Amino acid sequence: LTRGTAAADLAGLHVVVSAGGTREPIDPVRYIGNRSSGKQGYALAATAVARGARVTLVAANTSLPDPAGVDVVRVATTAQLRDAVRAAARNADVVVMAAAVADFRPAEPAESKIKKADDSSAPEIRLVQNPHVLRELGHSRIRPGQTVVGFAAETGDAHGTWLEHGRAKRAKYGVDLLVVNEVGVDLTFGADHSAAVLISADGSEEPVGDGPKERLADVIWDRVLKVRTRTD
Ligand code: CTP
Ligand code: CA
């Protein structure tokens, strides 16, 4: 089954995908950011268009060309991403949060550039927690029947394996599907490929072997269609 001749199996669906990584200003020239390239979100947008969906891509600080046929909304901060995703989600059938959203932001960003003192002192930057866009979408659905998909970048630690952390996160956020990636210094960020496990609300788990992000995107859309036929 090749994409060119495939049925437009997402036709009639409006999907919203967030991509990239949010940045939180410290002052007018500095920010707290993360290493997300946006490639996985862009791959999700491009494959969804190819399969006939109407696609809104909320892109946070990416430097990738706009995928053809996609409505792109550019954002910088988590607050802007939240507003853009929630606005687009009002008439969306599926929302996929592929963006790396900053967990914290400076409580009081400086209005002018912070200067260093002549002694060796350094400022302390107080952080506050950002709203959790995915948890909000999962627990209070903007639209009945909307399918909500999250990503989780996990490492194993003293409390459990990366997969166990993923299972817990799927339940905690009340989402229909969680795509769990194992991350590490050399894994996933900026790469053209990644491996994942798709965890559904019914407990089923689908491993996806290492491969191009477009392939993972297609498997995610296949799973979204299965999830939706079960619940419709
Ligand atoms: N996410 C979000 N809003 C946030 C933080 C994360 O919507 N403020 C979304 C991401 O887009 C992703 C999912 O939540 O789909 C999981 O992100 P991740 O950083 O792996 O997990 P967190 O929930 O932030 O938990 P932690 O970083 O503490 O492990
Ligand atoms: Ca996080």
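**Exercise 1. Sort the residues of the shell around ligand 1 into nonpolar, polar and charged.**

Solution. 
- Step 1. Divide the shell by residue class: eleven are nonpolar, two are polar and two are charged.
- Step 2. Check the setting. The model is a predicted one. In this model, 15 residues surround ligand 1.
- Step 3. Name the closest ones. They are Met97, Ala99, Leu134, Lys169 and Tyr173.

**Exercise 2. Find which helices and strands each supply at least two residues of the shell around ligand 1.**

Solution. 
- Step 1. List the elements: α3 (133-139), β9 (147-154) and α4 (162-173).
- Step 2. Pick out the largest share. β9 gives four residues.
- Step 3. Ligand 1 sits in the largest pocket.

**Exercise 3. Trace the polar contacts of ligand 1, which count within 3.5 Å.**

Solution. 
- Step 1. Start with the oxygen atoms of ligand 1. A polar side-chain atom of histidine 132 is 2.8 Å from one oxygen atom.
- Step 2. Take tyrosine 173. One of its polar side-chain atoms lies 2.4 Å from an oxygen atom of the ligand.
- Step 3. Turn to nitrogen. A polar backbone atom of valine 133 is 3.1 Å from a nitrogen atom of ligand 1.
- Step 4. Alone, ligand 1 exposes 570 Å², and the protein buries 78% of that.

**Exercise 4. Identify what coordinates the calcium ion (ligand 2), and at what distances.**

Solution. 
- Step 1. Look for the donors. Asp103 (OD) and Asp103 (OD) coordinate the ion.
- Step 2. Read the distances: 2.4 to 2.6 Å.
- Step 3. Locate the residue. Aspartate 103 is in the loop between β6 (94-97) and β7 (104-106).

Note on methods. Residues numbered from 1 in each chain as written. Chains lettered and ligands numbered in written order. Predicted model: local features only at pLDDT ≥ 70, side-chain atom pairs only at ≥ 80, totals over all residues. Heavy atoms only, no water. Donors = N, O, S within 2.8 Å, 3.2 Å for Na, K, Ca; no water. Near = heavy atom within 4 Å. Polar contact = N/O pair within 3.5 Å; in protein donor to acceptor, adjacent residues only side chain to side chain. Areas by Shrake-Rupley, 256 points an atom, 1.4 Å probe, with all protein chains shown as cover. 1 Å grid on protein atoms, 1.4 Å probe; cavity = no way out; pocket = protein on both sides within 12 Å on 5 of 7 lines; lining within 4 Å. Sits in = over half its atoms within 2 Å of the grid points. Nonpolar A, V, L, I, M, F, W, Y, C, P; charged D, E, K, R; others polar.
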